[in-house]
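Thanks for coming. I will take a few minutes to walk through one structure and how its parts meet.

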Amino acid sequence: MVREATNTLQKSVLWDWLTTVDHKKLAVLYLISGTLFFLKAGLMAVFMRIQLMFPMNDFLSGQTFNEFITMHGTIMLFLAATPLLFAFMNYIVPLQIGARDVAFPFVNALGFWLFFFGGILVSLSWFFGGAPDAGWTSYVPLASRDYGGLGIDFYVLGLQVSGIGTLVSGINFIVTIINMRAPGMTMMRMPLFCWTTLVTSILIVFAFTPLAAGLALLMLDRMFDGMFFIPGEGGNVVIWQHIFWIFGHPEVYILVLPAFGMISEIIPTFSKKRLFGYTAMVFATLIIGFLGFMVWMHHMFTVGIGPIANSVFAIATMIIGIPTGIKIFNWLFTMWGGKLTFNTAMLCASSFVPTFVLGGVTGVMLAMAPVDHLYHDTYFVVAHFHYIILGGIVLGLIGATFYWYPKMFGHKLNETLGKIMFWMFYVGFHLTFFVQHILGLIGMPRRVYTYLEGQGMDTMNMISTIGAFVMSAAIILLVINVVYSAMKSPREGGDPWDGRTLEWATPTPVPEYNFAQTPQVRSLDPLFYEKIHGDGTMKPAEPIGDIHMPNGSIYPFTISLGLFFAGFGFIMLNMENAIISPWIVIAVGGIITFGSMALHSVKEDHGYHISKETVEQMEKEVGTNG
Amino acid sequence: MGENLSQPFEKSSMTPEEIRKINREQRIQTIAFGFMIAITLLAFIAVGADVVPGSFAIPFILGLAGIQLFLQLYYFMHLKDKDHGWPNTFIVSGIVLVIPTIVALMLLIGVTKY
């Protein structure tokens, strides 16, 4: 393969992928594992919809249903949406800012493997007496040691491990975006996807730390007889809700902001216009990020904090509608008067706008504290956040997949299949979730595994389930499309969409050093600027020379593996008849983790150089199709 | 890669100006550190030796903690330095975000309704 220098080619394929620190390969790993978790959690959703097809159905037991709602939510948010977004952030952000890699390639790999092993740890719960069953929010006292089963321990430890991974990746992105921009790429010339990645990473740093603290407290409560959340012994259950939502609300923005960024890349490209109101978009992103931390209590209106507190948070919540509205109008104005191309990516991006508005409107409805007592814990809430997540994040992700696929894998996805997929998904999505608004308003509670006949819920639940089937068919079609396009689609050059941003200036496949010469950026949308004012290629900012690259390392894998063992050991503390002492497992895990860290610290590793001759040769080979 | 990347340099490549600056910085850090230890000791002594009356002890210690926090952020976290815009932004936004968190966790826990 031309995209790799000899050092990389000397490794076996498996060893290469296990030890890689290349941001592009890690992105592919994120993409694959995120997709697998996505399919798994999606299947759970289909099972839940089958259970709710008929009144008093007994397809699933109540306990299994509880485990499914919990795992569906947990996996979708932590182990599917986050890694899928990270996949694109990893692949695209360094290319968009003109960098050779992220700031800390080793930490990048560590972030992936921690997420991966944390996800495996949560999933293992199925084999040890059942998955967590207290909802993805894992509210105490339901999740405390008196009432919650072993599954909760898997939730606590698994999320702790994968949370560390997300946290270090977030730090890595911040440092990358602040320090690794190419000459001329000022903050206000960065593509909006980089901006939203930056704000998202900041939110990760500030939001995942409370989550880690909360999970640690819950772990102390459950395994070491703590009493933070046990009212009988002086604890307070509301504290968990606060800590969880101090994390949980920013988490929503952590997920949706990168999707905003993707939309803001796709719409200008296929409207052949620069993004309308770039500066306003940047500041709207920053304001959304800031306000995202000031509104968490709207999840707790019915807890009984008090009327003044509720009012303050209700108003703060409604204020978020303003920067979001700015964004919506900016996307519309970008499209207005543009030369529009409606391919699958653009279909997803443009239909994102009205769907997201629907979710936003119900969001403001839910923000009104007095009325929230009616909506709380009904399907109205379920409909609201699925409009945000599916209509916002997933449409953004599918759009981004179609948009950046030629850059990542060298060929486009089939457009015909893509459009069929889009319309099936779109129709199925609205079928599934629109009726759930009404179901919620007539009083169907969420998280309940069945309902009675003759309450006017039968038809709408049936419609909802049919919609879920249509949506699943669309996702299956997407998978078929990936396989089909891999065999049939023609190879593409570096710039198949007539792109505007820097990632389209690299040849496809992207060489492992990204840019042979760091480009000189002269404007927002730098490649488009060069196409209009220059000769269509980026001007180099440095002479061609040896390129310094980081060595691959197995330590990220082993550090994460050790934490996986240690986490499992802590869970074993609560197991009835463990085969070996939990402390042995914890010790082994600790030794692997800290041993790997020590080895990594002691061993000198200065990376290697790709020689100037190799670079020139690689550029010549990829340049012919770039 | 070069063989001698891990070897220390014999002579510093800093200019005399830079060396003077770094020495001064070192002296400031040491003094700040000593002062912080002193006020920490002061807090312990104040309570342990009954120097201040009980009713005044709590505000006194909180006052010392305030000074301590300021010194920590200002000197150890380099809030005082120029060209630290990004780290300073992060520290300040961290403080801004943590205030409602602390207020909520102390007051809004359902015991008293506000």
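**Two domains, two chains**

In this predicted model, the C-alpha centres of domain 1 of chain A and domain 2 of chain A lie 30 Å apart. Domain 1 of chain A covers 24-553 + 605-623, and domain 2 of chain A covers 559-604.

Let me start with the contact inside chain A. On the domain 1 side there are 21 residues in contact, and on the domain 2 side there are 16 residues. Domain 1 and domain 2 of chain A bury about 1,700 Å² between them, with 80% of that area from carbon and sulfur atoms. What supplies the side of domain 1 that touches domain 2 of chain A? Three helices of chain A, α5 (105-124), α6 (150-179) and α7 (192-223), each supply at least two residues of that side. The largest share, eight residues, comes from α5(A). Sorted by class, the side of domain 1 of chain A that touches domain 2 has 17 nonpolar, one polar and three charged residues. Between domain 1 and domain 2 of chain A there are zero salt bridges, and four residue pairs are in polar contact, both residues at pLDDT 80 or more.

Next, chain B. Its secondary structure is three helices and zero strands, in the order α-α-α along the sequence. Chain B has a radius of gyration of 22 Å, well over the 13 Å that the globule rule gives for 114 residues, so chain B is more spread out than a compact globule. The C-alpha trace of chain B spans about 65 × 35 × 25 Å along its principal axes.

Now the contact between the chains. It takes 29 residues from chain A and 20 residues from chain B. The two chains bury about 2,000 Å² between them, and carbon and sulfur atoms carry 78% of it. Which residues of chain A lose the most area to chain B? They are Phe206(A), Ile305(A) and His606(A), together 24% of what the chain A side buries.

Chain A and chain B have zero salt bridges between them, but six residue pairs are in polar contact across their interface, both residues at pLDDT 80 or more. On the chain A side, α6, α7, α8 (237-271), α10 (307-319) and β4 (608-610) each supply at least two residues. Of the elements on that side, α8(A) gives the most, with five residues. By class, the side of chain A that touches chain B has 20 nonpolar, eight polar and one charged residues.

Conventions. Residues are numbered from 1 along each chain as its sequence is written. Chains are lettered from A and ligands numbered from 1 in the order in which they are written. This is a predicted model: local features need pLDDT of at least 70, side-chain atom pairs count only at pLDDT 80 or more; totals for chains, interfaces and linings use all residues. Side-chain values use heavy atoms; hydrogens and water are left out. Domain bounds come from an automatic or database domain assignment. Contact means heavy atoms within 4.5 Å. Buried area is the accessible area (1.4 Å probe) that two parts lose on being put together, summed over both. A salt bridge is a side-chain nitrogen of Lys or Arg within 4 Å of a carboxyl oxygen of Asp or Glu. A polar contact is a pair of N or O atoms within 3.5 Å; within protein, one must be able to donate a hydrogen and the other to accept it, and residues adjacent in sequence count only if both atoms are side-chain atoms. Helices (H or I, at least four residues) and strands (E, at least two) are DSSP runs, numbered from the N terminus. Ala, Val, Leu, Ile, Met, Phe, Trp, Tyr, Cys and Pro count as nonpolar, Asp, Glu, Lys and Arg as charged, and the others, Gly among them, as polar. The radius of gyration is taken over C-alpha atoms; the globule rule is 2.2 Å times the number of residues to the power 0.38.
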